[in-house]
Each structure stands twice: as structure tokens, then as C-alpha cells.
Amino acid sequence: MSEVALKEAGVTTVDRVESRGAALGRLRLFDVVFLRLTRGAVFTVLALLSGTLLSLIVGSMPAFRAFGLSYLITETWNPVTEKFGALAPIYGTLVTSAIAMLIAVPVGLMIAFFLTELCPKMLRRPIAIAIELLAGIPSIIYGIWGLFVFAPFLQKYIQPFLIDTLGNLPLVGSLFEGPPYGIGMLTAGFILAIMVLPFITAISRDVFDAVPAVLKEATYGLGCTTWEVFKYVILPYTRVAVIGGCMLGLGRALGETMAVTFVIGNAHKVSASILQPGTTISATIANEFTEAVGDLYTSSLIALGLILFFITFIVLAAARYMLMRIQQRAG
Amino acid sequence: MKLVKFALATAALMAASWTASAADLSGAGSTFVYPVLAKWADAYKKETGIGLNYQSIGSGGGIKQIKAKTVVFGATDAPLSGKELEEGGLAQFPIIMGGIVPVVNIDGVKPGDLVLDGPTLAKIYLGDIKKWDDPAIAKLNASVKLPSTAIALVHRADASGTTFNFTYYLSAVSPDWKSKVGTATAVQWPAGIGAKGNEGVANNVAQTKGSIGYVEYAYAKQNKLTFTKMMNKAGKVVMPTSESFQAGAANADWKSQPGYGVILANQPGDASWPITASTWILVHKQPTDAAALGEALKFFAWSYSKGQDAAKALDYIPMPASVVADIEKMWGSDIKDGGGKPVYAMTH
Amino acid sequence: MAITAANSLYIRRRSRNIVAKTLAYAATAFGLGWLVLILGVLLYNGIGGLSLDVFTQNTPPPGSAGGLQNAIVGSIAMTALAIVIGTPIGVLAGTYMAEYGRHDRLASIVRFINDILLSAPSVVVGLFVYEVMVAPMGHFSGYAGSVALAVIVIPVVVRTTEDMLRLVPDTLREAAASIGLPRAHMILRIAYRAARAGIVTGILLAVARISGETAPLLFTALNNQFFSVNMNAPMPSLPVVIFQFALSPYEEWQKLAWTGALLITVTVLALSILARSLTARKQ
């Protein structure tokens, strides 16, 4: 039997017992070496994550030693007096991502609803591929498109309209104050929404398709409308996976750099109005890292990176956990 | 198989990289000086074949890179103090001067129409003046029709020597600005959008209606932005021209500060432009790569003698000849390689 | 009485259904509309600047005409090196998870971590490589840029390799074991061969992914306005050049930025379509 094995392994026929033993030994050695190699590769993957975390922690130590935990709630960002605070970037990251999710989740779910229930079978694949193309466009393209096409459009038509109408309402008005810059947190949030949309659509569509047909048919049989089937059967059944998909999109939105850097306005301020410029963690790092003079400045930026890492890690871990549970349930 | 071919190709590429590349100079820093530096580099390459790889990342970036020794020279419009020069083992010398002009984007207002003065500019940037038809602006501009649109402020997001000179000027003319914001390469701006580099400010102002920003004059000229007139210390209204920049620099006593670190803003004189500034080059007194620094100094000597026409075409002001002679003498005496020999050999 | 009540409920349900359907159609039109708008503007602005010069001239100083040759070459070089570094590690790790460690605790932990790395912000990767390569080395380099890109390549390749190897039916593996073929040889000669198309797809997807990445290159490879194949020095790349040119006020630079953006998008979309067709053919 080992003859066949040796031949498959490319070893030419051996007659003497010792050489055969040696050849088999070589094969064994190769087996072990290969296993070690693959294990080593796996540990490399682990090392990448822990290495990233470690280098971020080490790099941000000077900043945390200087500012303590109040770094997280200080708005000041003054490279000259060397007083830094992460409040404005964190606020901007959360606000732009919130705007993105507010737009992308309903739209993405509705597109998935369309693709699974309403779309003619022939158009299903092309439209699905088209939506996925949105995910394939590199983020820097979103950035320059946002800066040159979308922002001027917002500045000329939409923002003045928002300021004049919604800006005058009692409570909501403070969200829409300020001169129409064109760029700002709303613009960045909107562009993030377009970027995140395909993720939510893709995952939702997959899980919607996986709902057992018998459930849907039974509900239709009771006389429910398409919308009611969606609302009372499909969505509850796929709830966990949909939430997981949305959180995946959120993770993407939180970490997005290039699209946001172009249109966020780079102002280290916390503003109530979403029409105002702001900054996000990734935009701050991308803009300021190469010119950060002084160890404390560099360390503060790395501390921002650490904060972002934690935020996205938590969101992504929760998302993956939820999606994993669905996969386990599906078997 | 494909993978092996891939690996071989990459190995060949890496092998090629080990062979000596041409002595390309590397520099980084000020965006203020970039337009004229780029023109010089282009002409110098045509003449000598040596290229200049300059990263226009802002004065702060230039200071950081030269201190980290990742570039041969840094360029900054915010001079380092004598102490910082000592600590870093750096030599500093001015290379060129120019003017910083406010630029606006208002419908119906053409270049040179609008007049601003220091205190009003400070109030605008403090956020105290919010609309273009504010009485303070209207007072200076009786003949200009000002719309009641909101002012969209643009400032620098990066550590900038242009900002340093601009805020130095605002601090000099407005005690309010001095106490609330102060002078630095990067400050806590009370309001407005942050743009990267002079380039970014120019871009943002060009794209945003009702905006105001501050840029080096070459950026306003090259991109046809609407610059404003300014009222200077003597109370006279001046246009940003090479003559007014020259007047603004005329009184400088270059030897009075270590490393020639004289700030030119808010100088007296009827014809002076109030926000004139200069750019300094930073190099190591004992460089790790003496040959590269020697080439860089040759480039700067070339720009002092042969680059002035290109500079004047962009309305930059050349350094006075006496200062240039002093600078080149300093190169010979202060900048030495490991063996104690001067890096720069005067050819004339 | 009862009929009217039932009627109005029915009407309400009907109208809700119609509203929902309309919203769904509108949402799809919304999504597709942005795609058309973005690609349309990209084509319109990018094609105008497309010429032979773009591929034969280097990036110009402001105010002059030029091309993107050095940026294109730099991008290709760093992408190639990133694939060379990242693919072996990714394939081997994916192999472990699919072959040796299917029910291993180690494998499930790594699978979880790999999926997180897959979606991690790329700017953090740039920071990591800056700390471990650029700072100790003292200068920016194409090597650092390639390593940063490799860190992004690895999770993609690990995921697709594992998925593709998992698709190979176990009967093949059992047959190999029954004739006494050692595990490693079985993997190399049987499993890899069967999953070949899928693994190549993974590599193509990884290339597509890193072709558009800008943030990790910003503080590893920096930029270079001249043609350079010196990997040990700052290296130009298409995304970083686009970043610089788009934020500038110079018209020639902005035009080149659009053209570069078009080149990247076409490359990425072509690779995605190629990858998709490879797996489709397999099925």
C-alpha cells in the first residue's frame, strides 16, 4: 500500500527496504513540517491582531499618562500647548456613523425586501450585482465624488433649504444651524450611508432567502399581504442576522477614513448642528499623523487609533458573534 | 507556478532597488513656498539632472521630518527659536519671502474690490462677525455691494507656518485674538472648516460660496481667487503686489534673531503689506548624508542666484544680496560633515 | 356593520402594503441611482483626462501637464510585493483551519479574529506598520507600504482559502487517506488542486481590495513625485497621489486625480468580475 503512496508522492520506485524506510521517513517529516508551517501561519494571524493592539497600547501610553482618562472627554485639541482631547473626534465618529445607519438600515432592508419578494426573477441577479458594485468602489472615489459633486450640490440646494425650514423649528432647529458649507457631518454621514448600504443589503438578502418557504407560504395562505409577510414573518425570523449585518455595516462606517476625510471639514469642535464641520477619529489620524511634531502629539493620535480599534472591535465582535449563532442554528 | 513567477519578478524589482539611485534630494514642509520651489526644482532638474522630491505637508510636517532625519531639508514659515535650533543641531536660513492674502468667494466681488483691516479680520475669524453685510465690513467698503450671506470660514487643519504668520498678525492687531487664540502653527480655531495645506484652503474657498480663507499670494494668483486689499499699520489701503510685499520686508534686521528668525508681519510703512512672511530652510549641522546635503545646498545657492526670475513671476520676494552672502558664509563655517570638512564648497 | 369594519381594516392593510412596496421600489431606485451617478461622474471626468501621457509621463509639479506613470508603477510594485508576502501566510493559515483544525479551539478563535481583522479600519493597520517598521527604520519606504497592504491581504486570503477548501468534498480526502497518502501531500495535490479556482479568486479579491487602499499607505510609503523603483525609499502610489491632487486647487492635478480614480475603479471592478466568473464557472 505504501507503494502507491510513495508513487503519488512522486518518489520513484524503491526496492531496498532501507531506502523505502528512508523515503517514508521523509514523507513523515514533510507532513510534520507542513503542519508546523500552517500552524505558524495561523499564529501569524493571531500575532497580527495582538501586535496591532500591543503597538497601539505602547504608542498611546505617553498620552494616557499625561492626560489620564479625561482624554476621552476633553474637547481641546491644541498642538502648541500640547493639550489634546478625543471628544471631538469620538463625537464626530459616532454622529456620522449614526446618520449613516439611520439612512442605510431602512433603505438596505427595503432593497433586500424588494430583491427577495418583489423583483422579477430575471432582474434579481443584475440588480443584486449592481448594488454590490457600490461596495466594490474604493473609498477614495467616494471621497472625491463627495467633495466635487455632492458637497457643492448640498451647499447650493439642500442645506439652505434645511436651514430655512428645519432650522427654525424649536428643538430640532439646533441640528440644522450655521452657514451652508456643503461639507460637514451630514455630508459625511450621507456618503457613509451609501458605502454601508450594500453590506446591509447583501447580508439581509441572504438571510431573507434562507427563510423556509413553508413559513411564507403558510402566511400567504392566511391572506396576508406581502408587506405583512415581511413584517411579521421574515423580519422576526431573521432578526438576529439582520442586526448582525447592520452592526457589520456600522463597523465599516466607524472605521472609514478616506471618504470622510474629504468632506468632514476637519474642525476639532463638538457642534450640535450636523451641518457644521467636525472630525472623526480616522480623519484626524489621516490628516495629522505625518506632521505631528512632538511625542505627545504623535502619542495622542495613536491613542485615538486605540480608541477606534476598541470601538470597532467591540462592534465587529458582537456582529460576528450574532452571525455565528445564525450559522450554527442553520447547521 | 504563477506564484513562483510572481516571486521572481518581485525579487528582480527588489534587486533593482539596491542599485544606487540618482542623488535625488528629499525635502518636506511648507506649502507656502511650494509653488516657487516646484518651479525651481523643475528648472534645476533640466539643468543638472538632479531631482527634488518635496512633500508639501505643512511647516509642522517639515519640522518633524527634519528632526527625525527622514529628509535632507525641512522648509518652514514658522522659524525655530535659538534654543530649538541648538537642541536639534539644526541650521536655519531664509530662502524666500512672500505675502499672505485673505481670499474670498462672494458673488459680484472681484479681486481687489474688498478692503479688510486687521481688527475686522480678527473679529471674522473669532466668529464675532457672522455675515458679510456686517456694519464693520460695510464701513471699510462703502462702494461694494455686500450680500447678507453667512461667512463660511476656512482655515488650516494642519500645522502651518502660514497659520503662524497669520495668527501672529492677528495677535498683533487684536488683543482679543491674542488672549483667546494666540499665535502658533496650529491653534484652537473658534469656528470654520479646516483644510490641508495652502492648496486645500484655496480649493475650499474656490468651491464654497460666501467663504473666506488665507493663502500665500501665489495660490491666489495661480488659481484666480478673489483676494482682498488690506489696511496696514499706517492706515493706508494696499493691494497685494510684489512692491507692497517688498515694502513689508524692507525693515527687517535679519541678523537680530538666531537663525535669521525675523517675523515680517505688521511692519510699519505706508506701502507695506501687513502680512508678509518668509520661509526658512532647516538642515542638520552635522548631517548623516553629507553628500546629499551638499547637493541640497548647491540647489539653494542656484536658487539664490538663478531662481529669482521664476520667483518674481509668482510675486515672491528674493532675499537681499547681503543676506545671501552672509548665509553662504554660514554654510561654510557651520555645516560640516563627519570629518570636520564643510559640506558646501563655495564655487565662487 | 361588521362588513364595513372588516372593509376598512382591509383597505388599511392594502394601502400599507402598497406604500411598503412603493418604498421598496424607491429604495432600490435610490441605491441604483447613486451607483449610476457616481460611476457616471467618474467616467465623465476621468475619460477626459485619459491619454497615452497618463501612462508615460510622471506626476508633474503644479501648473504643468504630466501623467501618472510613477504612481501606477509604484502601486503595482507594492501590490505585487504585498501579494507575495500575504498570500503564502493566508493560504497556509486557511489550510490549517480547513484541514487540520476543523474542530480545533485554536481554529475557531482564529476564525473569529480573522473576521474582525477583515473589517478592521485600515488606518489602524497603517499606524501599526508605522510603529514596527517606519519608526525603527527611520524613514518611509515602499517595503513598509507593502507590509501594510499585506496585513490587509492576509485576512481576505485566509477566509476565502478556508471557505474554498471546505467546499472540497471529504470523500476525496478519505480516498487519499485510504491509499496511505500522507496528509500534507493529500492537501497539496488533491485539495489545492480541487480548490484552485477558489483560492485564486481569493487572491484576486485581495488585490481588488488593496488597489483602492489609501490610509495605510499615508504613513508607511508616503509619496514621491518622481519615478522610483527604490523600495527602500518613499514610494508613489495611485491612491495617495489622487488624495494629494484632489485636495489641490490646480486644474491639471484635479483632472489627473479623476483619471487615476477611473483607473483604480476599472481595475477593481474588472478584478471583481473576473473573480466572480471564476467561481461561477466552477459551479
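Which residues is C:Arg173 in contact with, leaving aside its neighbours within four places in sequence?

## The surroundings of C:Arg173

In this predicted model, C:Arg173 is in contact with C:Glu99, C:Arg102, C:Leu165, C:Val168, C:Met186 and C:Ala191, once its neighbours within four places in sequence are left aside. The residue belongs to helix α7 of chain C, which covers residues 170-178.

C:Arg173 counts as buried because its relative accessibility is 9%, and the cut-off for that class is under 20%. Its side chain reaches the backbone oxygen of C:Val168 at a distance of 3.1 Å.

## The interface of chains A and C

Chain A and chain C bury about 7,500 Å² between them, with carbon and sulfur atoms accounting for 81% of that area. In chain A, the residues that lose the most area to chain C are A:Phe34, A:Trp145 and A:Arg320, which together make up 8% of what that side buries. The contact involves 84 residues of chain A and 79 residues of chain C.

Across this interface there are 3 salt bridges and 8 residue pairs in polar contact, both residues at pLDDT 80 or more. Helix α2 of chain A (residues 17-67) gives the largest share of the chain A side, 21 residues. By class, that side has 59 nonpolar, 18 polar and 7 charged residues. A salt bridge joins the side chains of A:Arg320 and C:Asp115, at 3.8 Å from N to O.

## The interface of chains B and C

The area buried between chain C and chain B is about 2,600 Å², and carbon and sulfur atoms give 60% of it. C:Phe226, C:Pro249 and C:Tyr250 supply 21% of the area that chain C buries against chain B, more than any other three residues. Chain C contributes 30 residues to the contact and chain B contributes 34.

Between these two chains the count is 0 salt bridges, with 2 residue pairs in polar contact, both residues at pLDDT 80 or more. The elements giving two or more residues to the chain C side are α3 (69-100), α10 (238-246) and α11 (251-282) of chain C. Of the chain C side, the largest share comes from α3(C), with 5 residues. That side comprises 21 nonpolar, 9 polar and no charged residues.

## Salt bridges within chain B

Over all chains, the structure holds 23 salt bridges. One of them pairs B:Lys83 with B:Glu87, whose closest N and O atoms are 3.7 Å apart. Both residues lie in helix α4 of chain B (residues 82-88), 4 residues apart, about one turn of the helix. B:Lys83 is exposed, with a relative accessible area of 59%, and B:Glu87 also counts as exposed, at 61% relative accessibility.

A second pair, B:Asp315 and B:Lys221, meets in a salt bridge at 2.8 Å from N to O. This pair links distant parts of the chain, 94 residues apart: B:Asp315 lies in the loop between α13 (308-313) and α14 (321-334) of chain B, and B:Lys221 in helix α10 (residues 217-222) of chain B. B:Asp315 is buried, with a relative accessible area of 10%, whereas B:Lys221 is partly exposed at 37%.

## A covered helix in chain B

Helix α9 of chain B (residues 197-207) is mostly covered, with 9 of its 11 residues buried. Among the buried residues of α9(B) are B:Glu199, B:Val201 and B:Asn203.

Key
Residues are numbered from 1 along each chain as its sequence is written. Chains are lettered from A and ligands numbered from 1 in the order in which they are written. This is a predicted model: local features need pLDDT of at least 70, side-chain atom pairs count only at pLDDT 80 or more; totals for chains, interfaces and linings use all residues. Side-chain values use heavy atoms; hydrogens and water are left out. Buried means under 20% relative accessible area, exposed over 50%, partly exposed in between (1.4 Å probe, protein chains only). A polar contact is a pair of N or O atoms within 3.5 Å; within protein, one must be able to donate a hydrogen and the other to accept it, and residues adjacent in sequence count only if both atoms are side-chain atoms. Contact means heavy atoms within 4.5 Å. Buried area is the accessible area (1.4 Å probe) that two parts lose on being put together, summed over both. A salt bridge is a side-chain nitrogen of Lys or Arg within 4 Å of a carboxyl oxygen of Asp or Glu. Ala, Val, Leu, Ile, Met, Phe, Trp, Tyr, Cys and Pro count as nonpolar, Asp, Glu, Lys and Arg as charged, and the others, Gly among them, as polar.
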